[in-house]
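This report concerns helix packing and helix geometry in a single protein model. The sequence and the structure are shown first.

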Amino acid sequence: MAFAPIITRLYGPEAFGVLGTFTAILAVIMPLAAFSYPVAIVLPKHDADARGLAKLSIKIAAITCLLVSIVLLVFKTQLVNAFNLQEIESFVLLLPVAMLFSACMSIMSQWVVRKKLFKIKAKIAVLQALWVNSAKAGVGLFFPVATFLIILSTLGGALHALMLWNATRKSAVENIMNVGNSDKVNITKQRELAWKYRDFVYYRTPQVLFNTASANFPVIILASLFGTSVAGFYALARMALSVPSKLISKSITTVFYPKITEVINARGDAKGLIIKATLALALLNIVPYGIIVAFGPTIFSFVFGEEWFVAGEYARWMSIFLFAAFITGPSIAALPALSKQGFFLSFEIFSFIVRMGAIYLGYRITGSDILTVAILSITGFFIKLLLPVFTVFFAQTAYQDNVKADAGSYSE
């Protein structure tokens, strides 16, 4: 955030829009990289199984990124023309590379979460952001073009993964890549783990795919309908609004994920814990988002430069949606442990369809980019508020079922 006022004044809305479109496409295809197996690394009781999942994830990611490279080589022109995104055609073949780097970062991040090395995770996040954004600002003084923004962002994922790996290797915690068995045994074990955690492929991957598509398709569609400058306004607004709250909500959710898993695995009452974490996030976010709703355009013009006034108009509407989105973090963390990934997938499909419909109606009825963003945000706000309600209901039901089952066992 400290670098944002410098970078926006160096590069401008169009370059930011190209980066935002590239990043949005990457985010949409990222869930396919390792089929969400990295998320399962936190769950096994034994570290050996967690390492097996990590190695399985790396292998799947390598194969998937190779397949994506082949598809893009063959169909690059057709895909670019289909979405009217000629501005990013030169960068399309970087997508598989960024995809692989991001998958490695996800694997290492989940291992760090499993071992509860939160200080290391925080320190590396700060250092990576400092180095990457210093490079963007330095290069922007001489070559303020989208090409370098995209290259540096891609390398940033690799740097983050490498720093996490190096930190765990030097820590007292056993390294993720330690090999305790022969390759043949490892391969057999990885197949068993792939089958055991197959629900992450069947449910979690499509769910995350629809979730990220719902969050990032607006950038792609706005670029297609209104041009990369409009996409740049939207991308900056989302980045500026997301970073401060995500820093808090992601940190809380990261700690909450293993904690809620332990409570549910112990057949405890998770309802109160989910409600408490959700309300905590709401209290932390309501004031900053309220300020943006009231003074967004003025704040954006002052902080990022006068040419970003429109981004402030977007931001005041997006704040409504993002507030609701960020308080769902505890619910998203709890649903896998509650064995409700099938429900979550259905919810995300419903959310994606409704939000994309909102964009279409906004564009067709108003023809205005600002009103389209407003309709999209209000629709998303009401949809997101449903998720904590359902999750609390599921947690309460699960606890009541456990109490009844325990009472039956005691009677017997």
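The text below treats the packing of helix pairs and then the course of individual helices.

The model is predicted. Helix H1, which covers residues 4-29, takes part in two of the contacts described here, one with H5 and one with H7. The table lists the axis geometry of each helix pair.

| Helix pair | Distance between axes | Angle |
|---|---|---|
| H1 and H5 | 8 Å apart | about 65° |
| H1 and H7 | within 8 Å | roughly 155° |
| H2 and H3 | within 9 Å | roughly 170° |

**H1 with H5.** Helix H5 comprises residues 146-170, and its axis makes an angle of about 65° with that of H1. Because of this angle, H1 counts as roughly perpendicular to H5. The crossing of the two helices is right-handed. On the H1 side, the contact is formed by Ile 7, Tyr 11, Ala 15, Val 18, Leu 19 and Phe 22. Their partners in H5 are Ala 146, Leu 149, Ile 150, Ser 153 and Thr 154. Sorted by class, this contact holds nine nonpolar and two polar residues, with no charged residues.

**H1 with H7.** The axes of H1 and H7 cross at roughly 155°, and therefore H1 is roughly antiparallel to H7. Here the crossing is left-handed. From H1, the contact draws on Gly 20, Thr 21, Ala 24, Ile 25, Ala 27 and Val 28. H7 supplies Leu 209, Thr 212, Ala 213, Asn 216, Phe 217, Val 219, Ile 220 and Ala 223. By class, the contact of H1 with H7 has 10 nonpolar and four polar residues, and no charged ones.

**H2 with H3.** Helix H2 spans residues 47-82 and helix H3 residues 95-114, with axes that cross at roughly 170°. The pair is therefore roughly antiparallel. The contact of H2 with H3 includes three charged residues, alongside 15 nonpolar and three polar ones.

**The course of H7.** H7 runs over residues 199-226. Its 28 residues reach 39 Å from the first C-alpha to the last, close to the 40 Å expected at 1.5 Å a residue. Just after the helix, Gly 227 adopts a positive phi of about 105°.

**The course of H9.** Helix H9 consists of residues 271-304 and spans only 42 Å between its end C-alpha atoms, whereas a straight helix of 34 residues would span 50 Å. A bend of about 90° lies at Phe 295 in H9, with a proline, Pro 297, following within four residues. After H9 comes Gly 305, whose phi is positive, near 115°.

Terms used. Residues numbered from 1 in each chain as written. Predicted model: local features only at pLDDT ≥ 70, side-chain atom pairs only at ≥ 80, totals over all residues. Heavy atoms only, no water. Axes fitted to C-alpha atoms, helices over the stretch in contact; angles between N-to-C directions. Parallel < 35°, antiparallel > 145°, perpendicular 65-115°, else oblique. Left-handed = near helix turned anticlockwise from the far one by under 90°. Contact = heavy atoms within 4.5 Å. Nonpolar A, V, L, I, M, F, W, Y, C, P; charged D, E, K, R; others polar. Expected span 1.5 Å × (residues − 1). Bend = angle between axes of the 7 residues up to and from the residue.
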